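Morning, everyone. Please have a look at the chain on the screen, and then I'll walk you through it.

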Amino acid sequence: MRSVRGCARLLAGLALFLVAPVWLGIAVSIGATQALAWPTWYAWVTSLVGIGLWVRGWMLRRLARENTRKACDEWDALEKRHLEAERTFCPLLVPGRYDRGLSARLEAARAERDNLRARITAEASIPFLASLSAATAWEAETIVKDFHGLMDAHVALIAARDLFALAPDWRAVWNNELGPVYEDLTVVETLTETVQRRSSEPAVLSMAASLKLWLNDQRLAANDLGASLECAQMDPAEALTQLDRIADEARVRLVRLIEAALGADTSMIGRRRYKRWRNGAGEKLRTNETRYLGAYRIAGVTYTYNPGQAIRLTANSAGINLKGSAAHSTAIFTAFGAQLYVPPAYLHRYLVWDGTSRYGPSQANYLRSAANVGPRGSTH
């Protein structure tokens, strides 16, 4: 298809470019008057558009070649970093020491490395016509972006070693690990507030109030885990397991609240929303609904972190692609045999569906994400 598009660009550019010359040639051959012999302004504009198509195709080809060359030049260094990260990481894969989550992180990184190698090989041998396609340039640009994702995976593997050894910089690793959990809690709190605004049922409002109190308790519990690590009251594997527990329970409680809110709405659109919720696995996730923003809010202050460097498996991890996956109303996903964490903000669509649109507005539009909604303090 890329070759077809490239060929279409060449032929369309040629057809448009020839408008003015053909006009002039026909006028001269039939002896037209001077007023008709010279092509009109729109004929020249059409020819210029044809030239523009060619120039655009050449620019796309040059961009694709530059990005592919950059990827090829950096591949050897990337391969060395990956092998080094694996050597330092593999000793951590001991049964009973968070081995399932760590193994999934490593397998995802390996899958991404193999995928990148195949894509670079295919891009380096792309035919001339296909190189004129915008899809080729986009693919080459995506490959370069995915390089950064794999680099983040290497950082995560090294970070896991430092955390498990409680190296001097383990606190920075742990703070980054807290990021997805805190963002989950921020998202859950935002959706809970949506339920409170939209429901008047006493039982639902009571559940929502209870959930908000629980969220505050979990923020404190997550913060206390760092102190427990520092005092050697628990090991890093147990701490990561506790983070999983908090994230899992937050999703379970949110799902129960949303189901209760939808089930309590006996209006016609309410019944339709509830039916849609029960059949939620048939819906699809949009790209911006699968990835963590890398920000969360506590007491009106927004903090940032790098979700791609998290040790726990998230949708931002290299080797994870949820495009087109079902938007499960359970908010639970798995990959490489382990729990995969996706921000549950997409569940907002089920609360606000208007009965006509396919998805309904989603709080997972990260320009209006839970971490960016409401008062904002300084960013750290």
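One term to begin with: pLDDT is the predictor's confidence in each residue, from 0 to 100. And a contact here means heavy atoms within 4.5 Å. We need both because this is a predicted model.

So, confidence. The chain averages a pLDDT of 82. Of the residues, 85% score at least 70. Over residues 363–380, pLDDT stays under 50. For that stretch the model has 51 contacts beyond four places in sequence. Among the elements of the chain, helix 10, residues 236–264, has the highest mean pLDDT, at 95. The lowest mean, 55, belongs to helix 3, residues 34–37.

Let's stay with helix 10. How does helix 10 pack with helix 11? The angle is about 145°, and the axes are 8 Å apart. Helix 11 covers residues 268–278. From helix 10, the contact uses Val255, Ile258, Glu259, Leu262 and Gly263. Helix 11 answers with Gly270, Arg273, Tyr274, Trp277 and Arg278. By class, that contact has five nonpolar, two polar and three charged residues.

Next, the hairpin. Strand 1, residues 295–298, and strand 2, residues 301–304, run antiparallel, joined by four bridges. Ile298 has Val301 of strand 2 as its bridge partner. Two residues sit between the strands, and Ala299 takes a positive phi near 55° in this hairpin.

On to the open space. The largest pocket holds about 810 Å³. It is lined by 28 residues, and the closest to its centre are Thr142, Asp146, Arg291, Ile320 and Asn321. Which helix gives the largest share of that lining? Helix 7, with ten residues. Helix 7 spans 134–164, and helix 5, spanning 99–124, also supplies at least two lining residues. The lining of this pocket has twelve polar, nine charged and seven nonpolar residues.

The largest cavity has a volume of about 30 Å³. Asn67, Thr68, Ala71, Ile120, Glu123, Ala140 and Ile143 line the largest cavity. Helix 4, helix 5 and helix 7 each give two or more of these residues. Helix 4, residues 41–89, gives the most, with three. By class, the cavity lining has four nonpolar, two polar and one charged residues.

That's the tour. Over to you.

How values were computed. Residues numbered from 1 in each chain as written. Predicted model: local features only at pLDDT ≥ 70, side-chain atom pairs only at ≥ 80, totals over all residues. Heavy atoms only, no water. 1 Å grid on protein atoms, 1.4 Å probe; cavity = no way out; pocket = protein on both sides within 12 Å on 5 of 7 lines; lining within 4 Å. Points joined across faces, edges and corners; volume = space filled by probe spheres on them. Nonpolar A, V, L, I, M, F, W, Y, C, P; charged D, E, K, R; others polar. Axes fitted to C-alpha atoms, helices over the stretch in contact; angles between N-to-C directions. Pairing = 2+ DSSP bridges.
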